[in-house]
Amino acid sequence: MTSITPPSGLDPVVAARLKRSADGLVPAIAQQYDTGEVLMLGWMDDEALHRTLTTGRATYWSRSRQEYWVKGDTSGHVQHVKSVALDCDADTVLVKVDQVGAACHTGDRTCFDADVLPLGQ
């Protein structure tokens with residue numbers, strides 16, 4: 001992502017509250033709205049958040065591809081947005097969604113299914 005972010009349609013009041021990383025992003029946690037299941041972590045800039053709020057489809061900034069991606073546009077595993085909230089510090093976004101299909105690019109239901117770490121005794 002370039003250091004100069006183009007203007008976004010995000011409400012200026014919301015934009016002023018966001019605490020972004022050095023690259024202009026905030027982490028966005030996707031959670032299944034009815035079960036509370038944590039699905040994945042993505043990244044949003046102001047425009048991705050604006051698109052998410054206005055389209056009802058979860059939109060993220062791909063750090064590897066340096067472009068926006070709407071979850072499910074290529075895979076069919078769509079995230080229909082039910083609500084969006086900021087945490088108390090305004091440095092993380094919680095996107096409650098109705099997930100269709102797998103949330104993880106590996107095909108798992110969530111990005112947290114495959115590598116559960118053991119707890120000490």
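## Ground rules

Since the model is predicted, local features need pLDDT of at least 70 and side-chain atom pairs count only at pLDDT 80 or more, while totals for chains, interfaces and linings use all residues. Numbering starts from 1 along each chain as its sequence is written, and side-chain values use heavy atoms, with hydrogens and water left out.

## Overall fold

The chain has two helices and six strands (DSSP runs numbered from the N terminus: H or I of at least four residues for helices, E of at least two for strands). Reading from the N terminus, the order is α-β-β-α-β-β-β-β. With a radius of gyration of 15 Å, close to the 14 Å that the globule rule gives for 121 residues, the chain is as compact as a globular protein of that length. That radius is taken over C-alpha atoms, and the rule is 2.2 Å times the number of residues to the power 0.38.

## The largest pocket

About 650 Å³ of space sits in the largest pocket. On a 1 Å grid over the protein atoms alone, a pocket is an open set of points where a 1.4 Å probe fits, with protein on both sides within 12 Å along at least five of seven lines; lining residues have an atom within 4 Å of a point. The volume is the space filled by probe spheres set on the points, which are joined across faces, edges and corners.

Of the 24 lining residues, Met-40, Arg-65, Trp-69, Lys-71 and His-105 are the closest to the centre. Strand β2 gives the largest share of the lining, four residues.

## A nonpolar patch

Val-38, Leu-41 and Phe-112 make a nonpolar surface patch of about 280 Å². Patch members have over 30% relative accessible area and no salt bridge, with nonpolar side chains joined within 5 Å and like charges within 9 Å; areas come from Shrake-Rupley with a 1.4 Å probe, and only the protein chains shown count as cover for residues. Phe-112 lies in the segment after β6 (93-99).

## Salt bridges

There are five salt bridges (a side-chain nitrogen of Lys or Arg within 4 Å of a carboxyl oxygen of Asp or Glu). In one of them, Asp-46 pairs with Arg-20, with the closest N and O atoms 2.8 Å apart. Asp-46 is in helix α2 (residues 46-55) and Arg-20 in the loop between α1 (12-17) and β1 (26-32), so the pair ties together parts that are 26 residues apart in sequence.
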